[in-house]
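My plan is to look things up piece by piece and jot down what turns up.

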Amino acid sequence: MTYSMVDDIFQRADDTVEYNEVIPTWSKEQLLLVELVAAIKVFPLESIIQTVRTVLKQPPSMSQKNKVAIEVNTLQFFLAYIQQTSGSQLIETWQALLGLWKDGLQISYPLVQFHLLGILHEFVQRSPLLEDKKSQKDLQDIAHKLIEACSTVACDSLEQTTWLWRNLAVRPGPQSDISTASDDGDSSKIEEISEGHQSVSSSSSSSIHNNAQYSVQALCSLAEFLAPVLDFVYVGEEKEKVIPLLSNIMHYVTPYLKNHNAHNIPSFRACCQLLANISGYQHTRKAWRKEAFELLLDPSFFQMKSSCIGYWRSIVDHLMTHDKTTFRDFMSRVSVAQSGSLNLFSSKEQEYEQRAQLLKRLAFVIFCSEIDQYQKYMPDIQERLTESLRMSHVPIVQAHIFLCFRVLLVRMSPHHVTSLWPVIITEMVQVFTQIEYDLCADSEEFSSHLRRISTLDSSWVMNSSNGLNAHNHPAWLHLYLSVCKLLDMTVALPANILPQFQMYRWAFIGDSPPLSSENISPIESNNPEPAEFVPHIMRLANLLNKKVPSDERLPFVPGQLLLSMPSINSILQLQPFFNTLSNITNRGVISNKVVRPEIKVSKVENRASPISKSRSAPDLHTLATEISLADPHLSRSTSEQIEIILETDFLEPCT
């Protein structure tokens with residue numbers, strides 16, 4: 001084996017990898033080289049380690065065209081090699097590996113530190129525990145130094161906001177999410193990052209590197225390797241020793257998580273993965289609980305990309321599950337807001353916005369849980385929702401109440417939400433009646449319809465202070481979309497999942513045969529007498545088609561949701577939805593037939609990769625790859641689609 005062979009093969013592979021990856025995926029050529037070297041019996045692992053150490057101490061001069069230093073390519077080769085090595089062989093060469101890590105720590109080039117941490121991660125995952133206390137102490141020291149080295153690079157994109165206090169904030173400006181460099185064929189960023197790589201071991205050369213450009217990769221390294229390494233290195237009662245180290249890391253991670261600007265997305269995503277990974281280990285809770293709870297209550301919490309929300313589902317689940325008091329503390333926050341004990345100087349609009357945001361967070365906390373996890377808190381949850389329903393004139397509060405309804409219906413067994421159904425149906429009827437009033441406030445037909453609904457308080461509908469005149473406002477349109485999404489979900493789910501809804505289903509979409517495409521209105525049919533009651537959706541479809549004639553419908557597949565848009569700009573965007581529900585066929589079958597339709601929303605884009613689990617922590621709910629509602633016979637595609645659309649509805653655009 002020659003240095004040039006390793007450097008050439010790993011260099012060519014580096015030219016094609018995604019550069020946001022800390023450890024690239026090995027190519028066929030790289031794996032072939034590793035297999036060839038492994039087949040040489042007279043070249044044991046310890047000899048390879050000594051060769052790698054020689055390269056780190058005295059790197060040979062290579063061609064200046066190389067974009068990645070030979071030290072990095074050599075470490076990549078060694079990492080690929082030990083991935084095919086048994087744990088017993090690694091233990092036998094422990095002292096040589098310890099020398100390798102110590103030599104590598106003398107090199108200040110960030111990519112070297114990242115790969116050394118990756119090698120340490122591979123060692124602790126593949127080898128048995130070190131029995132010698134001195135060796136275990138040496139392992140802890142090396143792990144601590146490598147983690148600190150990566151943390152130092154990770155915080156290089158932060159700046160101190162004041163000279164007196166240690167307040168850190170993300171430095172303005174774009175970050176080096178350099179995966180885009182290989183996507184568009186522009187190698188300028190790669191060349192910039194690779195400038196001066198040929199002699200990274202020398203202090204004069206390493207000083208020219210701007211470590212801020214590696215901060216995202218440093219955060220990705222910590223996200224991938226930190227939690228499993230610490231879980232192995234510190235065992236038993238020693239696990240408490242990780243708290244100071246993790247607290248220091250959280251001091252640098254929190255500023256990235258508080259910044260929701262678009263330019264901070266790469267660091268935000270990496271920090272979400274980092275926090276999700278360490279939150280899976282119960283002994284780390286003291287280091288991150290306070291920060292995570294504050295971030296959950298932050299007004300801009302939901303301003304993130306879909307690739308991040310999966311991590312936060314895991315974080316929030318661990319936050320609320322690992323002890324018995326956090327969820328009660330959260331519920332008390334919701335209760336305080338509902339009781340009116342807000343800032344005396346805040347306006348009504350601010351109070352409404354805060355109440356709505358707390359309701360949205362309540363829905364998200366329940367959404368992050370398992371089935372019936374919070375069923376014992378249902379009386380408290382229902383009480384909070386009932387208190388919020390008193391503000392029926394505030395559309396943003398109502399919209400988030402409907403979001404809570406949707407989450408509760410998929411996270412609670414049917415018998416746990418029985419007492420909630422009268423409230424759900426009443427609110428749905430009121431909002432649909434409100435939409436109808438917006439469309440035909442002067443219609444005698446609508447007035448007679450109101451008189452036929454004995455359970456509805458028509459004074460609420462006719463009250464001029466209820467905000468009906470502002471129905472074109474985005475907040476009201478958001479409310480209308482929210483109630484339609486709730487109806488959409490209840491129609492798509494089988495009857496055995498929502499048995500209570502079947503008693504009310506006729507009031508919204510009816511039980512009679514479908515209407516023809518030429519004639520939507522039952523009043524204009526050939527029946528000699530009009531029906532005593534016309535379902536709400538049919539009435540809305542009729543009114544909209546009178547104002548703006550349209551026969552547009554959505555493709556209807558039993559068990560599949562119709563509405564996936566996160567917002568609307570006009571009530572007319574709901575017209576195809578109303579037309580579809582007014583004309584669906586086989587109404588008696590849709591609530592029971594199980595199908596497996598194609599989901600157009602990509603699950604990969606909305607799911608983060610699963611996090612590694614602790615050997616000591618209980619098997620908690622993590623990033624779900626298989627969605628499970630209360631009934632095992634429910635189509636998996638339907639449940640997945642519901643989960644994805646609910647995730648999307650929580651998200652808000654980044655600033």
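Predicted model: local features only at pLDDT ≥ 70, side-chain atom pairs only at ≥ 80, totals over all residues.

**Entry 1: the overall count**

How many helices and strands are there in the protein? I get 28 helices and two strands. Here helices (H or I, at least four residues) and strands (E, at least two) are DSSP runs, numbered from the N terminus.

Residues are numbered from 1 along each chain as its sequence is written, and side-chain values use heavy atoms, with hydrogens and water left out.

Next I checked burial. Of the 655 residues in the protein, 56% are buried. Buried means under 20% relative accessible area, exposed over 50%, and partly exposed in between (1.4 Å probe, protein chains only).

I also looked at contacts, meaning heavy atoms within 4.5 Å. Among the contacts in the protein with a separation of 6 or more, 79% are between residues 24 or more positions apart.

**Entry 2: salt bridges**

Side chains of opposite charge can pair when their charged atoms come close. I counted a salt bridge wherever a side-chain nitrogen of Lys or Arg is within 4 Å of a carboxyl oxygen of Asp or Glu. By that rule I have 22 salt bridges.

One of them joins D329 to R289, with the closest N and O atoms 3.3 Å apart. D329 sits in helix α17 (residues 326–338) and R289 in helix α15 (residues 285–297), so this pair ties together parts that are 40 residues apart in sequence. D329 is partly exposed at 34% relative accessibility, and R289 is partly exposed too, with a relative accessible area of 24%. I then found that R285, R289, D323 and D329 are linked in a network of salt bridges.

Another salt bridge pairs E643 with R313, at 3.0 Å from N to O. This pair links distant parts of the chain, with E643 in helix α28 (residues 636–650) and R313 in helix α16 (residues 306–321), 330 residues apart. Are these two buried or exposed? Both E643 and R313 are buried.

I also looked up K348, which forms a salt bridge with E351, the closest N and O atoms being 4.0 Å apart. The two are three residues apart in helix α18 (residues 348–367), so about one helical turn separates them. E351 is buried, with a relative accessible area of 12%.

**Entry 3: helices side by side**

Two packed helices are described by the angle between their axes and the distance between the axes. My axes are lines fitted to C-alpha atoms, for helices over the stretch in contact, and the angles run from 0 to 180 degrees between N-to-C directions. Under 35 degrees counts as roughly parallel, over 145 as roughly antiparallel, 65 to 115 as roughly perpendicular and the rest as oblique.

How do α19 and α20 cross, and at roughly what angle? The axes of helix α19 (residues 378–388) and helix α20 (residues 395–411) come within 10 Å and cross at roughly 155°. The two are therefore roughly antiparallel. From α19 the contact uses M378, I381, L385 and S388, and from α20 it uses V397, I401, C404, F405 and L408. By class, that contact has eight nonpolar, one polar and no charged residues. For the classes, Ala, Val, Leu, Ile, Met, Phe, Trp, Tyr, Cys and Pro count as nonpolar, Asp, Glu, Lys and Arg as charged, and the others, Gly among them, as polar.

Then I turned to helix α4 (residues 70–82) and helix α7 (residues 110–126), whose axes come within 10 Å and cross at roughly 10°. That makes α4 roughly parallel to α7. Among the residues that meet are L75, F78 and L79 in α4, and L116, I119 and E122 in α7. The contact of α4 with α7 divides into nine nonpolar, three polar and three charged residues.

**Entry 4: single residues**

L120 is in helix α7, and I have it as buried, with a relative accessible area of 0%. Which residues does L120 contact, leaving aside its neighbours within four places in sequence? They are W101, L139, A143, L146 and V229. L120 and L139 are 19 residues apart in sequence and 9.1 Å apart in space, C-alpha to C-alpha.

P653 is in the segment after α28, and counts as exposed at 70% relative accessibility. Its C-alpha atom is separated by 9.6 Å from that of N261, 392 residues apart along the chain.

Last, I checked D372, in the loop between α18 and α19. Phi of D372 is near 65°, a positive value in a residue other than glycine.
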